[in-house]
Structures are given as C-alpha cells and as structure tokens.
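Subject: Structure for your review

Dear colleague,

Please find the structure below, followed by an account of what was found in it. I would be grateful if you read the two side by side.

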Amino acid sequence: MPISRRALAAAVTALVLPLSACGSSGDGGSTDASGKVEGDITFETWNLRANFKDYFDGLIADFEKKYPGTHVKWVDQPAEGYADKIGADAAGGTLPDVVNVSPDLVAPLAKAGLAMDLDKAAAKYKAEYLPGAWAGHQVPGMSGTFAFPWYLNTGPLFYNKALFKQAGLDAEKPPKTYDDLFGDALQLAQKSGGKVATLANVPTIEDFGRYGSTLMDKDGTGFAFNDAKGVELLTKYKQLYDAKALDAQVLTATPESTGKKFLTGAVAMNPGSALDLDHFKTQAPSLYKNIGITDQITSTGHVNMYVMGLMVNARTKHTPAAVAFAHYVTDAEHQMSFAKKVAIFPSTAGSLDDPYFTKEDGTDVTRVRIAAAKSLKSAVNYTPALFSDQMKTALRNEVAKALQGKQSPKDALDNAVKACDQLLKQQG
C-alpha cells in the first residue's frame, strides 16, 4: 500500500494541463453541497480492493443506508498506470465523482478546474482535520483546498545500537539535531575506517524542508531551496561524502538498496515505519536485537508527513452526495477503523489521542506507532504539490555533482532551481 507515488504524476500533468489552457476551469459544476444527498456517484481508489474489499463494501453500504436514494459505484485501479487512467478520464470527461489522489496528482487537476475547492464546498468540515493535513492538498499559487485529507504516514529513524557502541557513541542517546547527526556520522566513519556509513541517501526536497530551507515562493512561481539553509545542508552532506560517512553507492541508491545496507550493518541509520520491525525480526535477528528507534531529524520542529486524499470532481452532477461521501470516508470514525486495519494514521483532529496511538504495551511496534502519531499532530507535507518527478531527478543530478566535487553546493542548487523553474513553466 504505497504512500509516496510522486513518480506517477507526470502522466496526469501531461494529459490534464492542456485542458486549463482551454478555459475548462470555468466549466465546473456547483460547489453548493447544501442540497439533498442523493443520486448515483462513482468512487475510485488506488490499489485497495485486494486487501480491503470487505471494509469498503461495508462502508459504502452504511453510507447508502444513511442516505436513501444514493448509490455508490466503487472502482479500484491497480497501482500500475493509475495516473495515466486519471489523466485519460480527465481529458475524456469521464473522471469519477470522488477520486483517491495524492497532492502531486491533484495539482494538475486543480489547475485544469477539475478538482472542487473544498474551502468553498466543505468549509464546515475543515476544523475536523489536522491543519497540516487539510493544507496537504493546497496548490502553491492557487487559493483553495482540493481534496479531503485521508490517511497519513510518517516514520522514525532506525539506528543500529551495536555500531554506535563500536564507534564510542552512547547508543541510548541517538542524534536529535542535524549537528548531532553530522557529528556522530563523522565519528562512525572515522572509527570504522570508512567501513560504516551513517546514511545511504542523498538529501531530497523533504530534507531541505526539514532543515529549514524555503522550498518555493508563496505564489508558486519559482523554487527557492538554493537559499543559505539549502547551501548549508548540501555543504554538510559533501563533508559526509568525503569522509565516507555516506554509503559508497549513495548516488545510485534506492529505498530497497538502502534497506539492504541497513540490514547488513553497512549503514548505521535508516528511515522506516512500524512495518519494518517484523522484517528486521525475521530477516536480521541480530540487527533486531540492537535496533534503536528515534525521531526524524528536523530543524523546524515539524516532521515530514505523506498524505493521501479524496478529491471531489468539480463537474460532478451530484455535488451534495459526492461531498457527503468523501467526508464520510474521511471522518474520524471511519479513518480510525481503517487505521486499525493497516499501518496508517488518521488525519482527523483528536484521533491521534485515541489510546490506540497513545498507550504503551511494551512492544516496539506500538512504540513506533505512538511516536509517529505524536509527531503527526504538527507534521507538514514538505514536498510542494508542484514538485514533479522530473524535478526530483534534476535535483538529484545536481546534488550528485556537488558531492563528487564537480561543482560547488551553491552552484549545484542554483542549477537545480533553474532546471525546476523551467520545468514549472512547462507545466503551464
């Protein structure tokens, strides 16, 4: 059940944005959701039927019972090609009434006038959700919120206590700040003769956000992560790279490869989630015995969240029913029941205070769940909705040049911002 699906968004952008140039944004349906909840609507999800059919069948039946005269047709699309399907439906006028989206998928739909502004249609529900979650489907440069926040995810940093002890570090005091992280990383590399790296990832847009860099201007017209904070972070990573405190294959790393490095003890720290603990237990028992769990490193006081949402089609013929159903799926009661079936977190205010997310039972799985829930109360989605997969690649390429010494960190980020700004202009 993947949470971060940014790589799929390019297809939606390519197919949908031409619609905005044709003035389709003025062709939307009504944002008045105050009428009678009735009519047939279609609800589209993203690769959820296989594991959660009974849950959604029951939820839909309960909604139809609550609102006689409604009928919800549920369609579930496979993960492969999901963005292509949304883009084709949007271009062909067959977009479902309620659609499961991520912020990067909703952005081109909002620009094309196909995502209903919930600040107008559903303002009365806004207070039911965490502020950071409600803001997750806002688009820089546009006014409005374009999807109900649904489930959230985040995760801690795992670390190998044995490797920390071998380097003369206090295994019970993991790094809490970036200064701590960089200092410990240099010591781990030095004490191991360069055999143990601390991290296996280059900095991403989320990392620049957590470090305190201004990622984008308020109008959504240009990126700004080449500011002093951004340059400072990349300079620190360059120092780690030179000291072999970053894994040797960091420039070509994938989440799968970094996970394997952590399992084998080649890397001392790695981000993850509660789902990883069972994997550690079965695949690397010695690591599991020495696993440490700490919070994400952040300079802002806010960790990064991933947020999924439910968008209402601005052209729906049944606005009251579509808005009511999207709210029903994402209200506190139904988010809580869903969260107990899979390792995700509700976006509704107050839900994270439930004993399920606060009461310790002595297990590591619960410990991770409680820590993540606590951090999510004030978490933000750092990745701008307009930051496409192509932009992510451009940033990664320039970061690689800086780490290799082919250009300065400042030049690298200047070039990355220039490339991303150019791609932004191409989006329209």
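Helices (H or I, at least four residues) and strands (E, at least two) are DSSP runs, numbered from the N terminus. The model is predicted: local features need pLDDT of at least 70 and side-chain atom pairs count only at pLDDT 80 or more, while totals for chains, interfaces and linings use all residues. Residues are numbered from 1 along each chain as its sequence is written, and side-chain values use heavy atoms, with hydrogens and water left out.

His 327 lies in helix 14 (residues 319-330). Is His 327 buried or exposed? Its relative accessible area is 12%, so His 327 is buried (buried means under 20% relative accessible area, exposed over 50%, partly exposed in between, with a 1.4 Å probe and protein chains only). Apart from neighbours within four places in sequence, His 327 is in contact with Tyr 125, Glu 128, Tyr 129 and Phe 148; contact means heavy atoms within 4.5 Å. Leu 310 is 17 residues from His 327 in sequence, and their C-alpha atoms are 8.6 Å apart.

Thr 145 sits in the loop between helix 6 (131-134) and strand 4 (148-153). Thr 145 counts as buried because its relative accessibility is 0%. Its contacts, again leaving aside neighbours within four places in sequence, include Met 116, Asp 119, Trp 134 and His 137.

Helix 8 (residues 178-191) has 14 residues and reaches 20 Å from its first C-alpha to its last, close to the 20 Å expected at 1.5 Å a residue; the expected span is 1.5 Å times one less than the number of residues. Its buried residues are Tyr 178, Leu 181, Phe 182, Asp 184, Ala 185, Leu 188 and Ala 189. Seen down the helix axis, these fall within an arc of 165°, so they line one face of helix 8; the arc is that of the directions from the axis to the C-beta atoms. An α-helix has 3.6 residues a turn, so residues three or four places apart point the same way. The buried residues of helix 8 pack against helix 7 (161-166), helix 9 (205-211), helix 10 (228-242) and strand 6 (269-271). On the face turned away from the buried side are the exposed residues Asp 179, Gln 190 and Lys 191. Just after helix 8, Gly 193 has a positive phi of about 65°.

Yours sincerely
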